[in-house]
Amino acid sequence: MVALFFPDLQAFNLVDDIVAGTAISLAVFAKTALLGVFYTVIYTLLAAFVFYGKEL
Amino acid sequence: MIRTLVVLAALLVIGGLKLPVESNLAALHRQAHFRGVEFNLDLREKIGQLGFIAALSGFRAMVADALFIQAFSAWENTEWGRMLLLFRHITTLQPRVLLFWDTAAWHMAWNASVAAMNDQTQPRLALRVKTQREYFALGKDFLERGIKNNPDRPELYEALARLYKEKYNDHKRASEYYAKAAALPGAATFDKRFSAYELSYCEGREREAYERLRQLYDAGPQERLPTLIKRLKLLEEKLEIPQEQRIPETGSLKR
């Protein structure tokens, strides 16, 4: 259930492997970037929908 | 209220859509050997609460580096047991850094083993030898686990070959591991040669070693190094290779 509702942010945690010298392939980079864009758009839209018109 | 329900329903639908994409990406990461560290209770016990929190917060590399510095201090004080523990934590945190595996194995199989052998507090030679062999085994274990975590890198295969050669005097295994290293991309040019050298010391495999050394010799002047020529000549004598098939006596060292 948690995986259904929340984004998997571990997908973006590649810094330790990059530090270790592991090369990031273009496919992995592109997919991760696309997933990032997808998360940003979807969760922003849903948040906007929930809070639209509300006095914050 | 309705809005919240709509959003929850939308999240469920989107969640169902994103799960396959996320698992596909996770599989890609595993393929590329990312996410090699499991953050579980075992790791928490090993590195302590603060270290675990730091590692979980994306400072895994920094925690490993800090422990590496501690391990260096432990080495200065010849605290071999502490070093072993620290290197186990370090390699758990950063399994893709070859330096950590290699250094851990070197400390155990070379430094700690020699210290154990020269231990003045232990008068019994048998016990000193036993401890020494235990440190060899610890070094081997580090390298084997390092290879398991980094099967695509030749450096640890080389290190294991060196350990078999220098500590176990096992030339057969040394030859095997040099050959494995040589087969990987980015391997040093000497790996193939070293594999043949080690094979030339193996009883009963002289013919195979001769053929491999001869193949290297025939590959060109860049391979005709003094050790290769020396081993080749020894094998020619041992195998009684006909004179006309032998490498020239003089000029063989010419490049």
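Two residues are in contact if their C-beta atoms, placed from the backbone, lie within 7 Å. In this predicted model, local features need pLDDT of at least 70 and side-chain atom pairs count only at pLDDT 80 or more, while totals for chains, interfaces and linings use all residues. Residues are numbered from 1 along each chain as its sequence is written, and chains are lettered from A in the order in which they are written.

The contact takes 25 residues from chain B and 23 residues from chain A. On the side of chain B that touches chain A, two helices each supply at least two residues. Helices are DSSP runs of H or I with at least four residues, numbered from the N terminus.

| Helix of chain B | Residues |
|---|---|
| α1 | 2-31 |
| α2 | 41-76 |

The largest share of this side, 15 residues, comes from α1(B). By type, the side has 13 nonpolar residues (Ala, Val, Leu, Ile, Met, Phe, Trp, Tyr, Cys and Pro), seven polar and five charged (Asp, Glu, Lys and Arg), with the others, Gly among them, counted as polar.

Leaving aside neighbours within four places in sequence, I90(B) is in contact with A64(B), L67(B), F68(B), A71(B) and F100(B).

L125(B) lies in helix α5 (residues 125-149) of chain B. L125(B) counts as exposed because it has 9 C-beta neighbours inside 10 Å.

Terms used
Buried ≥ 20, exposed ≤ 12 C-beta atoms within 10 Å, placed from the backbone.
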